[in-house]
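Visitor: I have a model on screen and want to learn how to read it. Can we take the features in turn?

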Amino acid sequence: MAHTTGTLPAQRTSDPILTTFRVFAVLTVVSLLWQFVTAGELVTRGSTVAESFEGLHSAGAIVLHVLSGIAMIAAFALWRLRGAALWPAVTALVVFVLTFVQAYFGGGRTLYIHVPGAMVLTIGAVAVAVWAFLPAARTRAH
C-alpha cells in the first residue's frame with residue numbers, strides 16, 4: 001500500500017504574462033541606466049573615446065527599443081487578458097514611443113530636447129516597473 005501525505009498538487013502561483021511584464025519592465029530601466037552611463041562618457045571624454053561610447057550608446061538605444069516594446073506588449077496583454085489597470089500599458093506605450101523620439105533627437109544640436117526627454121522617459125519606465133511589483137498588479141492580473 002502506498003503512503004500518501006494528503007497534500008494537494010502544487011498550484012501555479014505565478015502568471016507568465018505578469019512575469020514577462022516584470023522582467024522586461026526592469027530590463028527597460030536597466031537599459032536606461034546603460035544609456036545614462038554611456039551618455040555621460042560621451043559628454044566627459046575626448047573625441048576618440050567618445051566615438052566608441054557613441055557606438056555603445058546607439059546600440060543601447062536599439063536594445064532599449066526592443067525591451068520597452070516587449071514590456072509594452074506584456075502590459076497590454078495584462079490589461080486585455082487579465083483585467084489589469086490600463087494606465088501602466090498606456091505609460092509603457094508612451095515610453096516605447098519616446099525611445100524613438102529620443103533616437104531622433106539624439107544629435108549634438110538637439111540635446112536640449114534629448115536630455116529632458118530622457119528624464120521623462122525614465123520617470124515613465126520607473127513608474128511602470130514599480131507598478132509591476134505592487135500588490136495591485138498581482139491581484140488584478142489573476
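Visitor: What should the 22 residues of α4 span, and how far apart are its end C-alpha atoms?

Guide: Start with the general idea. A helix has an expected span of 1.5 Å times one less than its number of residues. Now the case here, in a predicted model. The 22 residues of α4 should span 32 Å, and the end C-alpha atoms of α4 are 31 Å apart, so the two values agree.

Visitor: How many helices and strands does the chain have?

Guide: The secondary structure comes to 5 helices and 0 strands. Along the sequence the pattern reads α-α-α-α-α.

Visitor: Which residues of α4 are buried?

Guide: Buried means under 20% relative accessible area. In α4 the buried residues are His114, Gly117, Ala118, Leu121, Thr122, Gly124, Ala125, Val128, Ala129, Trp131 and Ala132. For the chain of 142 residues, 35% count as buried.

Visitor: Which members of the largest nonpolar core touch the most other members?

Guide: A nonpolar core joins buried nonpolar residues through side-chain atoms within 4.5 Å. The largest one here has 18 residues. Leu18, Phe21, Ala75, Leu78, Ala92, Val128 and Trp131 touch the most other members. Two or more residues come from each of α1 (16–44), α2 (47–82), α3 (87–104) and α4 (111–132). The most come from α2, which gives 5.

Visitor: What is phenylalanine 21 in contact with, leaving aside its neighbours within four places in sequence?

Guide: Phenylalanine 21 contacts Ala71, Ala74, Ala75, Leu78, Val128, Trp131 and Ala132. There is also a second, separate core of 5 residues, and among them are Leu32, Leu64, Val95 and Ala125.

Visitor: Among contacts between residues at least 6 apart in sequence, what share joins residues at least 24 apart?

Guide: That share is 71%. For single pairs, look at C-alpha separations. Valine 97 and serine 68 are 29 residues apart along the chain, and their C-alpha atoms are separated by 9.0 Å. Serine 58 and alanine 39 are 19 residues apart, with C-alpha atoms separated by 9.9 Å.

Visitor: Which side chains meet in a salt bridge?

Guide: The test is a Lys or Arg side-chain nitrogen within 4 Å of an Asp or Glu carboxyl oxygen. The count comes to 1. Arginine 82 and aspartate 15 form the bridge, at 2.6 Å from N to O. Arginine 82 lies in helix α2 and aspartate 15 in the segment before α1, so the pair ties together parts 67 residues apart in sequence. Arginine 82 is partly exposed, at 28% relative accessibility. Aspartate 15 is buried, because its relative accessible area is 4%.

Visitor: Which residues form a nonpolar patch on the surface?

Guide: Val23, Val26, Leu27, Val30 and Phe133 form the patch, with about 390 Å² of accessible area together. Take leucine 27, in helix α1. It has a relative accessible area of 34%, so leucine 27 is partly exposed.

Notes:
Residues are numbered from 1 along each chain as its sequence is written. This is a predicted model: local features need pLDDT of at least 70, side-chain atom pairs count only at pLDDT 80 or more; totals for chains, interfaces and linings use all residues. Side-chain values use heavy atoms; hydrogens and water are left out. Buried means under 20% relative accessible area, exposed over 50%, partly exposed in between (1.4 Å probe, protein chains only). Helices (H or I, at least four residues) and strands (E, at least two) are DSSP runs, numbered from the N terminus. Contact means heavy atoms within 4.5 Å. Patches are made of residues with over 30% relative accessible area and no salt bridge: like charges are joined within 9 Å, nonpolar side chains (Val, Leu, Ile, Met, Phe, Trp, Tyr) within 5 Å. Accessible areas come from the Shrake-Rupley method with a 1.4 Å probe; for residues, only the protein chains shown count as cover.
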